[in-house]
Amino acid sequence: TRYDRTERALAPGLAQLSSLASRMGLPTDFRERAAIILRKTIEAGLSRGRSMDAIVAASVYLAAKQLGAPRGLHELSQATGVTVHRISLTAKIISRELGVFARATRAEDFVPRFASQLGLEPGVSERALSLVSQGKRRKDLEANSPVGIAAGALYLASEQLETPLTQAEIARLTGVSEVTIRKHYRLLKDALPASMSRPEAA
């Protein structure tokens, strides 16, 4: 029956999803939301001719966005071995065909987790969030990648608070190139009032 075919196709996908969620340390609600998207994708016949790896990665990507704690395409690519382009394309197809929509990601969604993974003090994360907020006044930042803005904000915040952090460390974690980090660093720095553009005195 059609139900049996769906269940047979779903079983390996759910196993892959469980493995991926464990590797990425995703909470239960993320796994459950991704599993719902995965089931709907298979029921709609969207898995035919597509790799299950890409479908699972896209399901996690969409679930995380829906739950307001997105994971970057680069993170998912590293965890699954599926290219950023293929995950992005598969997520767009699922989103369009199933009507699975999620709010746009923001730099603020990434800053706290990146700061934690980089082992930074809470003050650096708070300063970076403040910089992102200040940067919203700049129109030329609006169209930029949220992950890139978060990376640039963390680099600028670490500089202001004299916390050792290299562009290379941020690039390795976020998948954002050092050139892009410097670009967002400069845009955010230019957006600051004079009182915030230099490190605070101890």
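The expected span of a helix is 1.5 Å times one less than its number of residues. Helices (H or I, at least four residues) and strands (E, at least two) are taken as DSSP runs and numbered from the N terminus. On this basis, the 15 residues of helix α5 (residues 84-98), at 1.5 Å a residue, should span 21 Å, and the end C-alpha atoms of α5 are 21 Å apart, which agrees. The model is a predicted one, in which local features need pLDDT of at least 70 and side-chain atom pairs count only at pLDDT 80 or more, while totals for chains, interfaces and linings use all residues. Residues are numbered from 1 along each chain as its sequence is written, and side-chain values use heavy atoms, with hydrogens and water left out.

The protein has eleven helices and zero strands. From the N terminus on, its elements therefore read α-α-α-α-α-α-α-α-α-α-α. The C-alpha atoms fill a box of roughly 70 × 30 × 25 Å, taken along the principal axes. Of the 202 residues, 46% are buried, where buried means under 20% relative accessible area, exposed means over 50%, and partly exposed lies in between (1.4 Å probe, protein chains only). Contact is defined as heavy atoms within 4.5 Å. Among contacts between residues at least 6 apart in sequence, 75% join residues at least 24 apart.

Helix α5 has several buried residues, namely Ile87, Ser88, Thr90, Ala91, Ile93, Ile94 and Ser95. The cover over these buried residues includes α2 (28-43), α3 (52-66) and α4 (73-80). Just after α5, glycine 99 takes a positive phi of about 70°.

Serine 59 belongs to helix α3. With a relative accessible area of 1%, serine 59 is buried. Its side chain reaches the backbone oxygen of isoleucine 55 at 2.8 Å. Not counting residues up to four places away in sequence, serine 59 touches Ala34, Ile37 and Leu38.

The largest pocket holds about 440 Å³ of space. On a 1 Å grid over the protein atoms alone, a pocket is an open set of points where a 1.4 Å probe fits, with protein on both sides within 12 Å along at least five of seven lines, and lining residues have an atom within 4 Å of a point. Grid points are joined across faces, edges and corners, and a volume is the space filled by probe spheres set on the points. The lining of the largest pocket consists of 24 residues, of which Tyr61, Lys65, Leu73, Ser88 and Thr105 lie nearest its centre. Two or more lining residues come from each of α3, α4, α5 and α9. The largest share, five residues, is from α5.

A nonpolar core is a set of buried Ala, Val, Leu, Ile, Met, Phe, Trp, Tyr and Cys residues joined through side-chain atoms within 4.5 Å. The largest such core has 29 residues, of which Leu154 and Ile181 touch the most other members. The elements that give it two or more residues are α6 (107-117), α7 (122-135), α9 (146-160), α10 (167-174) and α11 (178-190). The most, nine residues, come from α9. Leaving out residues up to four places away in sequence, isoleucine 181 touches Ala151, Gly152, Tyr155, Gln167, Ile170, Ala171 and Val176. A second, separate core of 28 residues includes Leu10, Met52, Ala63 and Leu76.

In α6, the buried residues are Ala107, Asp109, Phe110, Val111, Arg113, Phe114 and Ala115. They pack against α4, α7, α9 and α10. Alanine 115 has 1% relative accessibility and counts as buried. Apart from neighbours within four places in sequence, alanine 115 is in contact with Leu120, Ser125 and Leu154. Alanine 115 and alanine 150 are 35 residues apart in sequence and 9.5 Å apart in space, C-alpha to C-alpha. Just after α6, glycine 119 takes a positive phi of about 70°.

Most residues other than glycine have a negative phi. Glutamate 162 is not a glycine, yet has a positive phi of about 55°. This residue is placed in the loop between α9 and α10, and glutamate 162 is exposed, with a relative accessible area of 66%. Glutamate 169, in helix α10, counts as partly exposed at 32% relative accessibility. The C-alpha atoms of glutamate 169 and lysine 65, 104 residues apart along the chain, are separated by 25 Å.

Methods. A polar contact is a pair of N or O atoms within 3.5 Å; within protein, one must be able to donate a hydrogen and the other to accept it, and residues adjacent in sequence count only if both atoms are side-chain atoms.
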